[in-house]
Number of protein chains: 2
Amino acid sequence: MPFFPTKRLLAQFTNRAVVYAQHGDPTKVLSVLSYGPLPSPPSNTVNVRFILSPVNPADINVIEGVYPTKPKPDTSLRSSALGSSDQPAYVAGNEGLAEVTEVGNGVSGLEKKDWVIMTKPQLGTWCSSRNVGAHDVLKVPRAPGLSEVHAATMTVNPPTAYNMLQEFVPLKEGDWVMQNGANSAVGQAVIQIAASRGLKTLNFVRPRDDLADLVKQLEALGATKVLTYDALADKSLRKELKTWTGGRDIRLALNCVGGQETTLMTRLLGSDAYLVSYGAMSKQPLSLPTSLFIFKNLTARGFWQSRWYLEKSRDEQRRLMNVLVNLMSQGKLKEPMHEIISISAKESDEEATQKVRDVIAKSYSGRQGKKALLRINVE
Amino acid sequence: MPFFPTKRLLAQFTNRAVVYAQHGDPTKVLSVLSYGPLPSPPSNTVNVRFILSPVNPADINVIEGVYPTKPKPDTSLRSSALGSSDQPAYVAGNEGLAEVTEVGNGVSGLEKKDWVIMTKPQLGTWCSSRNVGAHDVLKVPRAPGLSEVHAATMTVNPPTAYNMLQEFVPLKEGDWVMQNGANSAVGQAVIQIAASRGLKTLNFVRPRDDLADLVKQLEALGATKVLTYDALADKSLRKELKTWTGGRDIRLALNCVGGQETTLMTRLLGSDAYLVSYGAMSKQPLSLPTSLFIFKNLTARGFWQSRWYLEKSRDEQRRLMNVLVNLMSQGKLKEPMHEIISISAKESDEEATQKVRDVIAKSYSGRQGKKALLRINVE
């Protein structure tokens, strides 16, 4: 006779998390684990219920164990449910929108039903509910026009875009910025935030069959020019660029690709420029002629939003979030293209595990184009 | 009957310059040209007699026409002496020690017999005498222990070394700095200036047969450790380095090589470090993993002493020169290894031309090891 859980059992396991016990290929090491209701939150913490949790490329690297930030095991999970009781359980996921369900003693500024986002990296967001430190989250104002998707994707990509446009080169209205991987989530945010500041963008993307559609889409976001990497090999580009910019030097290039395309893009920069890297999608290193550094005074830097959160005060974090909420609320920063993957409470852990692994496998292929957002344990 | 110049003619051509009419291979385009005495200096200028003029690698690039700073033709030279009267004559050379021979109206702070060095790039120093703007030179104090060779080589290499140790990373006694091309003229200055500040240096040089001699020589200058590029491939180096530094991160690497050796060296740096490039002897580009920029917050910069002179005030220039004069005078910054090539007034222009071309050819080979200094038109 097959085993059916009784109603009492189902009620007991109201929560679920996507966990792993050791680093490795996420399509093999991830599994969905059910666990009971959370105990009441200790002092200075809150219990939260996750609404949406994005799957970012870096999440995959964390699970693989190749990311510099290592997650901490979650000791609140009943380790026996993981099969072996001496293995730590890591909850995957870095970003997410959650709702406060219970507030511990000593917490000020947070109430039940408040929306919060995570400011501490690698908290483990691919779950239905969990307990978090009150200082590891920020309350998100419920501004009109601000959607769940907006809020859930607010801590990684938009601030990366915003800060890269802010922290390296002083830019004023009419100045140009160039970037590759312009159709990435960060790239789309760069286009929109730049446009909201009156900055022009020169955007490079991979050559593709549906290029015209992509160009139209990025132009609709506010892109000034969209070109493929092939255009970089064309010597006439430099001249054309001069016409577009009215001879004004471009002093900021944002890079998430690396390799030869980035070398060619960097050559288009004027003197005293910054090349800021935040990704390496080509998996090729940056290769730059030394003369650019010596004679054109190029500075090559990197940007990592996780470091930003560690270095900045809560006031600075809140200030940045408010800027982004305003942009989103005013329709100047749109939801990223996305797909919501719901994991119902009715699915078995095995079924849910397979669903999550499929999402990851699709992300791996790199051609998904849409950001995957997990909604875990909906009724 | 062969033509012998009369005494009157010899007296008329008291001056000589190493000139070129068009860019190209220096061993082909350079020639030595004789010309008459200088007219009295116009207002705000001085006439100077060159004592010693170094041959730097960049001088060759300038003559080839591949250097970003282009020299101005010298209209004071009788162009008829160049064969074709409508070709401009460029006097080669960027660095040199000269003595003031005549002071124009309106010049303050300079007198006959004063030593001066050039602060304006590409003035044309490979000559016996010329007229220069009073603001394009700096008076060098005749400090005890300061030799002609010291003063003649003071404007390019020692300030490059000094500024790279000064402008990027705040370093305090006991901190480490690493560099490649450590036996270059700049590298030797880095070792000595670092030692004078109580900084430790990790020095990389090319593998070679006489390595033990070179190590001894660099250690005598104050080098803490000297290794070959081969050592960079050895994985145990990182561990060894930790023992040497007591686990202290190295935050500054100076690079004049490029290519794979520089990639490996950069990997030894700690977080928040600077890689500062001032040369590219390997003619290979800088190739750096993007992860160093993103996760270790590496900054890659360049340094060019010519830009420094353009950006800094005369007071700042004088302050730097005084620091270097003091180091030299105290024996903390030794003369670079050098060879003086004298061109006698008795040699014909053809003989002198051949001598200069031979010096350049030797520099070209890159294995000269000694800095060549021209002393032109000695009696």
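Visitor: Which helix of chain A holds T160(A)?
Guide: Let's get our bearings: this is a predicted model, where local features need pLDDT of at least 70, side-chain atom pairs count only at pLDDT 80 or more, and totals for chains, interfaces and linings use all residues, while side-chain values use heavy atoms, with hydrogens and water left out. Residues are numbered from 1 along each chain as its sequence is written, and chains are lettered from A and ligands numbered from 1 in the order in which they are written. Helices are DSSP runs of H or I with at least four residues, strands are runs of E with at least two, and both are numbered from the N terminus. T160(A) lies in helix α5.

Visitor: Is T160(A) buried or exposed?
Guide: Buried means under 20% relative accessible area, exposed means over 50%, and partly exposed is in between, using a 1.4 Å probe and protein chains only. T160(A) has 6% relative accessibility, so this threonine counts as buried.

Visitor: And how many of the ten residues of α5(A) are buried?
Guide: The list of buried residues includes N157(A), P158(A), Y162(A) and L165(A). Helix α5 of chain A, residues 157–166, is mostly covered, and the number of buried residues is nine.

Visitor: Which residues does T160(A) touch, leaving out those up to four places away in sequence?
Guide: A contact here means heavy atoms within 4.5 Å. With residues up to four places away not counted, T160(A) touches V186(A), Y278(A), F303(A) and Q305(A).

Visitor: Over in chain B, at what angle do α5 and α12 cross?
Guide: Axes are lines fitted to C-alpha atoms, for helices over the stretch in contact, and angles run from 0 to 180 degrees between N-to-C directions. The axes of α5(B), residues 157–166, and α12(B), residues 314–329, come within 11 Å. They cross at roughly 105 degrees.

Visitor: How do α6(A) and α7(A) lie to each other?
Guide: The axes of α6(A), residues 185–196, and α7(A), residues 211–221, come within 8 Å and cross at roughly 40 degrees. Q188(A), I191(A), Q192(A) and A195(A) of α6(A) meet Q217(A), L218(A) and L221(A) of α7(A). The pair is therefore oblique.

Visitor: What backbone nitrogen does the side chain of N94(B) reach?
Guide: N94(B) sits in the loop between β4 (90–91) and β5 (97–103) of chain B, and N94(B) is buried at 14% relative accessible area. Among the residues that N94(B) touches are D59(B), M118(B) and V156(B). At 2.7 Å, the side chain of N94(B) reaches the backbone nitrogen of Q122(B).

Visitor: What is the phi of K283(B)?
Guide: Most residues other than glycine have a negative phi. K283(B) is in the loop between β13 (274–277) and β14 (286–288) of chain B, and it is exposed, with a relative accessible area of 75%. K283(B) is not a glycine, yet its phi is positive, at about 60 degrees.

Visitor: How many disulfides does the structure hold?
Guide: A disulfide is a pair of cysteine sulfur atoms within 2.5 Å. C256(A) is buried, with a relative accessible area of 3%, and C256(B) is buried at 3% too. Over all chains, the number of disulfides is zero.

Conventions. A polar contact is a pair of N or O atoms within 3.5 Å; within protein, one must be able to donate a hydrogen and the other to accept it, and residues adjacent in sequence count only if both atoms are side-chain atoms. Angles under 35 degrees count as roughly parallel, over 145 as roughly antiparallel, 65 to 115 as roughly perpendicular and the rest as oblique.
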